Structures are given as C-alpha cells and as structure tokens.
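Biologist: I would like to learn how to read charges and folds in a model. Please show me the structure, then take me through it.

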Amino acid sequence: MMFSRIKFPLITQENGTGVLSIFEESNLPFSLRRVFTIKADKDEIRGKHAHKECSQILKCVSGEVDVILKDGFSKEILTLNVMDGGILIPPGIWAEQIYKQDGTVLLVLCDQLYSENDYIRSVDEYNSWVRE
C-alpha cells in the first residue's frame with residue numbers, strides 16, 4: 001500500500017509545559033493548497049472516500065483516531081493520537097476514520113483545492129476505478 005508516516009518537528013518548551021509541533025511547507029511533501037479540521041465524537045466514522053488527484057496528510061491534534069486505508073487489494077488500520085506524526089495518503093487510496101474519543105480533532109493538509117469531481121464516495125465505484 002502506498003501511504004507513509006510523516007514526522008513533524010517537535011520543540012519542547014524550556015519550562016517543560018508544552019510541546020510545539022511545526023507544520024511548514026519545507027517539511028511537507030507537497031505544496032499546501034487547503035487545510036481543514038474535523039471534530040467528531042467517539043465511534044463516529046468519517047471520510048469514507050478516495051481522491052482521484054488530491055494527496056492529503058492526516059494529523060490528529062486532539063484525541064485519537066483509527067485510520068482505515070484500502071488500496072483495492074489490501075487494508076491497513078493505523079492509530080493516530082496527539083503526539084504522533086501524520087499519515088500521507090496519496091490519490092487512489094480509500095480512507096475512513098473512526099474517532100476513538102469524544103472531541104477528537106483531525107487536521108487535514110491537502111495539495112489540491114476542493115473539487116467534488118475529485119471524490120469517489122462509493123466503495124463499489126472505487127473498486128471498479130482502482131481496477132481500471
């Protein structure tokens with residue numbers, strides 16, 4: 001499967017009271033075009049789609065989320081929590097997120113602007129598309 005883990009630089013404050021996680025274009029694998037957050041409660045399922053052209057990085061900024069990734073042939077489940085890095089999801093990967101705690105917040109960084117035509121929202125359509 002063609003996803004990868006992304007690590008972001010972390011700086012611990014001198015007084016030990018916090019950690020700063022840095023998101024700069026220089027430590028991203030693509031030029032940033034769109035950023036959004038999703039807040040959901042425990043057991044909510046979000047995502048449930050693939051992109052034809054858009055690459056995304058998912059980063060959990062609060063709580064915990066399981067990310068289910070499918071490439072049409074195999075499936076992986078990765079858990080993201082606050083101090084983990086992120087997951088780079090290239091085009092053509094089906095992704096779903098299962099929120100594990102109330103109030104979990106997921107940050108999504110994209111290399112494309114929003115386009116409804118880029119989405120595949122049906123599993124059957126995705127399976128046909130990936131085999132073409």
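**Reading the charges and the fold**

Modeller: The structure holds two salt bridges. A salt bridge is a side-chain nitrogen of Lys or Arg within 4 Å of a carboxyl oxygen of Asp or Glu. This is a predicted model: local features need pLDDT of at least 70, side-chain atom pairs count only at pLDDT 80 or more, and totals for chains, interfaces and linings use all residues. Residues are numbered from 1 along each chain as its sequence is written, and side-chain values use heavy atoms, with hydrogens and water left out.

Biologist: Which side chain meets Lys-100 in a salt bridge?

Modeller: Start with the general idea. Side chains of opposite charge can pair when their charged atoms come close. Here, Lys-100 pairs with Asp-66, at 3.4 Å from N to O. The pair links distant parts of the chain, 34 residues apart. Lys-100 lies in the loop between strand S10 (94-99) and strand S11 (104-110), and Asp-66 in strand S7 (residues 64-70). Helices (H or I, at least four residues) and strands (E, at least two) are DSSP runs, numbered from the N terminus.

Biologist: Is Asp-66 buried or exposed?

Modeller: Buried means under 20% relative accessible area, exposed over 50%, partly exposed in between (1.4 Å probe, protein chains only). Asp-66 has 14% relative accessibility, so Asp-66 counts as buried. Lys-100 is partly exposed, at 33%.

Biologist: Which residue forms a salt bridge with Glu-116?

Modeller: Arg-121 does, with the closest N and O atoms 2.9 Å apart. Glu-116 is partly exposed because its relative accessible area is 39%. Arg-121 is partly exposed too, at 45%.

Biologist: Which residues form the negative surface patch?

Modeller: Patch residues have over 30% relative accessible area and no salt bridge; like charges are joined within 9 Å. Asp and Glu count as negative. A charge is placed at CG of Asp or CD of Glu. Areas come from the Shrake-Rupley method with a 1.4 Å probe. Here the patch is formed by Asp-41, Asp-43, Glu-44 and Asp-102. Glu-44 sits in the loop between strand S4 (34-40) and strand S5 (45-51). Glu-44 is partly exposed, at 34% relative accessibility.

Biologist: How many helices and strands are there in the chain?

Modeller: The chain has one helix and twelve strands. Its pattern along the sequence is β-β-β-β-β-β-β-β-β-β-β-β-α.

Biologist: What is the radius of gyration of the chain?

Modeller: The radius of gyration is taken over C-alpha atoms; the globule rule is 2.2 Å times the number of residues to the power 0.38. For 132 residues, a compact globule would have a value near 14 Å; the chain has 15 Å, which agrees. Buried residues make up 42% of the 132 residues.

Definitions and conventions:
Patches are made of residues with over 30% relative accessible area and no salt bridge: like charges are joined within 9 Å, nonpolar side chains (Val, Leu, Ile, Met, Phe, Trp, Tyr) within 5 Å.
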